[in-house]
Each structure stands twice: as structure tokens, then as C-alpha cells.
Amino acid sequence: MSVIKVAILGFGTVGEGVYKTIQSHTEELEGVLGRKVEVAAVLIRNKQKKRNIDEDVLITSDFDEILDLPQLDVIVEAIVDKEPPFTFLKQAIQKGCHVITANKEMFAHHGNELLRLAEKHNVSVGYEATVAGGIPVIQTLRQLLNVNRVRHIQGILNGTSNFILTEMREKKHSFSAALSLAQAKGFAEADPTNDVEGYDAFYKTMILSRIAFGEEPNWEEVGREGITSITSELIESAEKHGLRFKHIASICMEGGQINATVRPALVGKSHPFYSIEGVENAVNVNSDIVGSITLQGPGAGMFPTASAVIEDLVYVCQNQSTNKNYKKTISVNYGDKEGNGDELWFIQGLSKDYKNPLITWIAQSTDDTAVIQTTREEREKLINQQKVTSCFQILGEYEKLGNNKEVTLAVL
Ligand SMILES: NC(=O)c1ccc[n+]([C@@H]2O[C@H](COP(=O)([O-])OP(=O)(O)OC[C@H]3O[C@@H](n4cnc5c(N)ncnc54)[C@H](OP(=O)(O)O)[C@@H]3O)[C@@H](O)[C@H]2O)c1
């Protein structure tokens, strides 16, 4: 019986997880693919490091040695940075290998080119692990898009930011204390910029946009804001209004244009993201036939990410084109351009005596925070003209706390 030969580029958290999973799930893989899957080679940088890898596996830091193998069917890339991974994958595709990547930064920048090249060489590209780790969001979207039209997608796409916000709320930690804890637990890098400033979530959002809408917004026009401006005091004030801060990526097609943002926002109890805590990720997809679906689960980690890679391995080996839908152009308009209607805002610093017929006061707290309803345009004026210190959008339904409960609908 022939064998499927795999090379793994990188033997860190993801690469090792993929290696171990191929070993531990040999029977399942053989059952579904009808052929044994074998790891033929592993690419690393530091040859001196001790690794738990079988003797018959080629361990090398020279990618050419991998390309020269007599048989190679799939290359799994789990390295960091855009280069050299992009060059490696181009070469692998040109050689006729299927490729699978977990590297969102590289794929957000070069995914299109890799997919075009793969089409030309009649191979597939798997990238499930680039978005929300172990959650099968890309396969789900691909399946949904057979007939459904996606209206919008929201996601908590960065586990580190979500962990920090959860710690700050639950343990009343400062941002820096929560970040140090995330670093101590291995959830955050020594340089946490990519996570806490929203770049990581931004890359994932661009990949999702391509799948859902066939294209990306202009990167320069995407509002990207991290969580560094959120203080534990703000989190506490929001809780008094029944709201929780979440770092939310949002993409929708409005007025024929794709609008995307990555920013902190607030959600109430009825929002599917309210209970997404710690390093969990979640993705909510709203489409025309099925309505709203939320997927949640581990957004990173050795085995959750390996699970996404292994599912891709099955997918590409079954010769299903993972390029499907990626280049589909949808010209359907789903609604008015964002910001034309009233939206709900959690605001700090606006004087309670401030009167403006275009602003509805929904709830006020004894500290200087409140929930108001107004347009995006009025909100900009408030920020510029009044002594507003913070203002964040509330997504979903807002349920006013207290005896006279009332529900106000906010923008999803
Ligand atoms: N960690 C997660 O939970 C997770 C989840 C989803 C996606 N991802 C993505 O998956 C990728 C890998 O993440 P990771 O956490 O596994 O990283 P990691 O633990 O830092 O491991 C990186 C591996 O790549 C190797 N490497 C780095 N540069 C190389 C080069 N130029 N040539 C050959 N090998 C090189 C390293 O070799 P040495 O061992 O010799 O240093 C190491 O084995 C990243 O793009 C990340 O964004 C990670």
C-alpha cells in the first residue's frame, strides 16, 4: 500500500503537536485516507536542540534537503514570520506538494499568491489553523457558503487579549499584571505587541474576509485598536451596567463595500461572546438562510492547532480543493453603510447635565459612565467637543440593570 509522505517545517508548539498527532492517530488517518501517513522530514533552525523525533525521520535545517526527497506529498508549515515560510511554500507548490500552513501573518500577506500558484500546479492549500486555532471556522464557512450568503462575521480571535481582559475583570488586575500572568503561563510572547495591539486578530480577520466575501477591505481603512487603553476601572464600571469588554473583530458587507474593524467593544448577557472567557476564541457567523451560528473553543495551543492542521491534511489528501470560495466575488449589498442609524455607546466623562436632542440617555451610573444611544457622527462630535475620556460601542442587545428592566436593541 502506498504511503502519504509529510514534511513538517518547524518543531515548536504547532509542529510538534502535528508530529505527535500523526503518530497517535495513525489508524484513524489510515482509515479515512486508505493510506498510511508518515512524517518523512522535519525542518528546524537549531540542530543542537534535543527533540523527540524517530530516528528514521530526516531532521534538517536545510529546506533543499526536504525538497530533494524522492517522495513528498504534503508540507505542513509551522514556522514564524513571513519569510522564509512564503518562499518555502512557493517552492513546495511548484514541486507539486499540497501545503498546509498555521502561519497567519504569512498567509494574510501572501495567501492569494499561494492559492493562485496552487491552482496552477493542481495542488491544495490548507489554512484552517491560521484562524481561531482548533475551531473549524474555515471548513464551516466553506460549507455554509455553498448556498448561504454571509451577512457578517464577528470574532474573538486572539486568546491572549481575551485572557487579559478576563483576568482584569475577575481578579481586578491591572493591564500590566494580567499581561505578566499571560506571559508566565506561556499565552503571550515576550513582545506582546501582535496580540495586545490587535495585529494578530487583524491578520485573521483579513483571511476570514477573503473566504466570506471573496475579497479584503483596503488594509489601510480597517480600524484596528488593541486593548491597551482598557483599564480595570473601566472594566468595573462596565460591569455595573451589565456589560463586558471583549476584543472583537467584525466584518460585513455594507453598501457594496466590505467594512472591517478590530477593536474593544462591550457586550451584554444575551450576546454569544459574553461568556467567552480566558484563552477561548469564538466566531459568530450571520448568514441569510441559517441565521446566526456561534462556534467557540480553543483558539491556540499544541493539540487544538494540530487538530486543525490534521483536518486540513485529510482534506487536501482527499483532493478537495481548499481554494474553493476564496476568490469568489460577491457583489450583493446587505445593508446600509455603517453608522447611518442610532447605535449604543458606553461612555465615560460626559456631563450628566449635557442635553442634546440627538442623544438618548439609556442608563447612568454613580461613577461618570453612562450608556447612550446616538449616531456615529454625533458620537464623534461628543468625543471632540465634550470632556469624554472613553467611548466604546455596545454590540447586541443591551439590557438595562435595576428594577425597571428594559431591553434596548443595539447594532450586531
Ligand atoms: N502556538 C499556537 O498555539 C499557534 C496557533 C495557531 C497558529 N500558530 C502559528 O503557527 C506558527 C508556529 O507557531 P509555534 O507556536 O509552533 O512557534 P514556535 O513554538 O516558536 O516554533 C517555531 C518553530 O519554527 C522553527 N523555525 C523558526 N524559524 C525557522 C527557519 N527560518 N527555518 C527553519 N525552522 C525555523 C523553530 O526552530 P527551532 O526549534 O530550531 O528554534 C521552531 O521549531 C506561527 O506562525 C504561529 O503564528 C501558532
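Buried here means under 20% relative accessible area, exposed means over 50%, and partly exposed is in between (1.4 Å probe, protein chains only). Helices (H or I, at least four residues) and strands (E, at least two) are DSSP runs, numbered from the N terminus. This is a predicted model, in which local features need pLDDT of at least 70, side-chain atom pairs count only at pLDDT 80 or more, and totals for chains, interfaces and linings use all residues. Residues are numbered from 1 along each chain as its sequence is written, and side-chain values use heavy atoms, with hydrogens and water left out.

**Stop 1: strand 5**

Select residues 98-101, which make up strand 5. In a regular strand the side chains alternate between the two faces of the sheet. Here both faces are covered: His98 and Ile100 are buried on one side, Val99 and Thr101 on the other.

Two strands count as paired if DSSP finds at least two bridges between them. Strand 4 (residues 74-77) runs parallel to strand 5, with four bridges, and valine 74 stands opposite histidine 98. Strand 6 (residues 125-126) also pairs with strand 5 in the parallel sense, over two bridges; there, look for isoleucine 100 opposite glycine 126.

Show the helices too. Strand 4, helix 4 and strand 5 form a right-handed β-α-β unit, and strand 5, helix 5 (residues 104-120) and strand 6 form a right-handed β-α-β unit as well. To check the hand yourself, point the strands away from you: the path from the first strand over the helix to the second runs clockwise in a right-handed crossover.

**Stop 2: aromatic rings**

Rings of Phe, Tyr and Trp (its six-membered ring) pair if their centres lie within 6.5 Å; planes under 30 degrees apart count as stacked, over 60 as edge-to-face and the rest as tilted. Searching the whole structure turns up nine such pairs. One of them is phenylalanine 63 with phenylalanine 88, stacked at 4.2 Å centre to centre with 25° between the planes. Phenylalanine 63 is in helix 3 (residues 63-67) and phenylalanine 88 is in helix 4 (residues 85-94), so the pair ties together parts that are 25 residues apart in sequence. Both phenylalanine 63 and phenylalanine 88 are buried.

Next, pick phenylalanine 202 and tyrosine 203, an edge-to-face pair at 5.9 Å centre to centre and 65° between the planes. Phenylalanine 202 is buried at 7% relative accessibility, and tyrosine 203 is buried at 9%.

**Stop 3: arginines over rings**

A charge sits over a ring if NZ of Lys or CZ of Arg is within 6 Å of the ring centre and within 35 degrees of the ring normal. Zoom to arginine 224, whose charged end is over the ring of tyrosine 199, 3.9 Å from its centre. Then jump to arginine 244, over the face of tyrosine 274 at 4.0 Å from the ring centre.

**Stop 4: two serines**

Contact means heavy atoms within 4.5 Å. Which strand holds serine 390? Serine 390 is in strand 16 (residues 390-395), and this serine is buried at 12% relative accessible area. Leaving aside neighbours within four places in sequence, serine 390 is in contact with Leu234, Phe346, Ile347 and Gln348.

Finish at serine 61, in the loop between strand 3 (58-60) and helix 3. At 41% relative accessibility, serine 61 is partly exposed. Not counting residues up to four places away in sequence, serine 61 touches Leu43, Ile44, Arg45 and Lys47.
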